Amino acid sequence: MPRNAVTTQAKKHGMAQLVLAALLAAPALMAQAADEDRMLNSQPQPPDVRLGPLFNAVQQAQFFPDQKTFADAVPKYNPSSILADWQMQKNQSSFDLKRFVYTNFTLPANGEKYVPPAGQSLRAHIDGLWPVLTRTAKTAGQYDSLLPLPKPYVVPGGRFREVYYWDSYFTMLGLAESGHWDRVQDMLDNFAWELDTYGHIPNGNRSYYLSRSQPPFFSLMVDLLATHEGDKAYTHYLPQLQKEYDYWMADSDSMQAGSASKRVIKLADGTLLNRYWDMRDAPRTESWLDDIKTANKAPERNKQEMYRELRSGAASGWDFSSRWFTDAHNLSTIRTTQLAPVDLNSLIFHLEKTLSKAYQLDKQSDKAQQYAERAEKRQAAINRYLWDEKQGWYADYDWQKKRVHNQLTAAALFPLYMQAATDKQAARTATAVEKQLLKPGGLVTTTVNNGQQWDAPNGWAPLQWVAVKGLENYQKPQLAQEIGLRFLNNVQTTYDKEHKLVEKYVVEGKNLGGGGGGEYPLQDGFGWTNGVTLMLLDKYCPKEKTCDSAKDIPQTSAVATETAAK
């Protein structure tokens, strides 16, 4: 029956109209919100929950330089039995906790260090890394924190022995460039499986990551596959695109204006924006001791609140950055959930546009129109609330203080990347980025140097690609090329010296190369750097050209001038 006929009939039945309206009001969102807590409790328990005080005792003992080591350790026996044994033995004078750990747990093993063949080009090195970084986990041990996935996947490398959500999009770009479309399909199918199984895509395939997601790049992954498979990709993954949206928008229909719930913020005027949120309020399993120490530095703050903020910062992928802090130099002032991030809302805008396209292709025109209207509203909200008119750039919105967060970061380019910006706003953002974030080795993440890894002097491969594509979208090819070539030169020069790619790079100052800061040492590998580097090589050093060292990489006039000055 046509919708207008249903509505007319409902009006004739008084109370029935209210019932029908409730039924039509996005039932998937309502079900998602109602079931989320229950789903979290029914999912595999993370090691800190299974092992309780034993997990805390081992992390406090600091047997391992990296706290993630014990988080990834696999109990050899039932964790409840191990916990009971520890409770009985721990007060004995001869008890040795370290020996107890090695007796009862299998610790993660580091893979052999990959040594590339002598004289191998950067492009050939990356192509050779794909099989080295590929993993399978169709099944996982009963007590393993690793979550199984049905198909092979590519990990970042180093300490990151599992697949990561937003990392994977940039890795998939490189896989596609290398012709590995089968692996692109595998990765996308794995994420679709997680949406069907868990109701969202976890931060990574570990039980301790189930309480949060990461920047939602699933719709961009579908876009990528569609360039190879055609529009059928959109209708094939439509159920999972909808589940992704339902996860991010849970509670949006029942919220009061001027409040926030889970990942949704409803402003006083009814505008909907999104934020990062973790369902748990305990120290992060993989950074247990770090979080406890951070919380202890701010005794005036509620510890559970602090842990939630740290976890939500990890959900952002920017763990950690001054953009989340009240005091740019103090991690203990983190307030992630207070902000509506400009990158997140740009990605949700893309998801809404993708849903509209997918429903149109599926011949569901009413739903296609619904999501087109939602995308239009979000675009208007981005250009109103996430825009700093005085400074001339996009930034995060503090929904509690009702003002835009006054800080320029590389995230300002996401509205350009997702084509949500107006031409005027894009032009002003480009000017600000060129003046403040463009450095000799690429785009710096923020202008704050505070020891955090998502701050100066570091630049990250995914943010370089966002900048390059975003600026090209708004007819700024020279600045896009400047950023792309500076970063590519940085990566190539580092490879020439050290024969490896790394997680992040120093992009300002005299000593360019591998980055630092944060909670753990610089990691080699590295998934998203590999992917972005291949895309940049494709742009600026096509396969028919020989680019065997930094001197072969094309240079913009500014890069050449700086090189000569040195």
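These legends accompany close-up views of a predicted model.

**View 1. Helix H8 and the elements around it.**
Find helix H8, which covers residues 97-104, and look for Leu-97, Phe-100, Val-101 and Asn-104: these residues are buried. Viewed down the axis of H8, its buried residues fall within an arc of 100°, so they line one face of the helix. The buried residues of H8 pack against several elements, including helix H5 (53-61), helix H7 (79-89) and strand S2 (105-106). At the start of H8, a side-chain oxygen of Asp-96 comes to within 3.0 Å of the backbone nitrogen of Lys-98.

**View 2. Ser-213, a residue of the annotated binding site.**
An unreviewed UniProt entry gives the feature "binding site" at several residues, among them Arg-159, Asn-203, Ser-213 and Gly-317. Ser-213 sits in the loop between helix H11 (181-198) and helix H12 (218-229). Is Ser-213 buried or exposed? Its relative accessibility is 1%, so Ser-213 counts as buried. Leaving aside neighbours within four places in sequence, Ser-213 has contacts that include Tyr-165, Pro-202 and Trp-248. The side chain of Ser-213 also reaches the backbone oxygen of Ile-201, at 2.6 Å.

**View 3. Gly-317 in its loop.**
Look between helix H16 (303-315) and strand S8 (339-340) to find the loop that holds Gly-317. With 4% relative accessibility, Gly-317 counts as buried. Leaving aside neighbours within four places in sequence, Gly-317 is in contact with Trp-166, Gln-214, Pro-215 and Trp-454.

**View 4. The salt bridge between Arg-212 and Asp-278.**
Side chains of opposite charge can pair when their charged atoms come close. Here, the side chains of Arg-212 and Asp-278 meet at 3.1 Å, N to O. Arg-212 lies in the loop between H11 and H12, and Asp-278 in the loop between strand S7 (272-274) and helix H15 (288-296), so the pair ties together parts that are 66 residues apart in sequence. Arg-212 is buried, with a relative accessible area of 1%, and Asp-278 counts as buried at 0%.

**View 5. The salt bridge between Arg-323 and Asp-396.**
In this pair, the side chains meet at 2.6 Å, N to O. Arg-323 is in the loop between H16 and S8, while Asp-396 is in the loop between strand S10 (393-394) and strand S11 (397-398), 73 residues apart. Both partners are buried: Arg-323 has a relative accessible area of 0%, and Asp-396 has one of 4%.

Conventions: Residues numbered from 1 in each chain as written. Predicted model: local features only at pLDDT ≥ 70, side-chain atom pairs only at ≥ 80, totals over all residues. Heavy atoms only, no water. Buried < 20%, exposed > 50% of the residue type's maximum accessible area, 1.4 Å probe, protein only. Helix = DSSP H or I, 4+ residues; strand = E, 2+ residues; numbered from the N terminus. Arc of directions from axis to C-beta. Contact = heavy atoms within 4.5 Å. Polar contact = N/O pair within 3.5 Å; in protein donor to acceptor, adjacent residues only side chain to side chain. UniProt positions renumbered as here; feature names shortened; annotations may be inferred. Salt bridge = Lys/Arg side-chain N within 4 Å of Asp/Glu carboxyl O.
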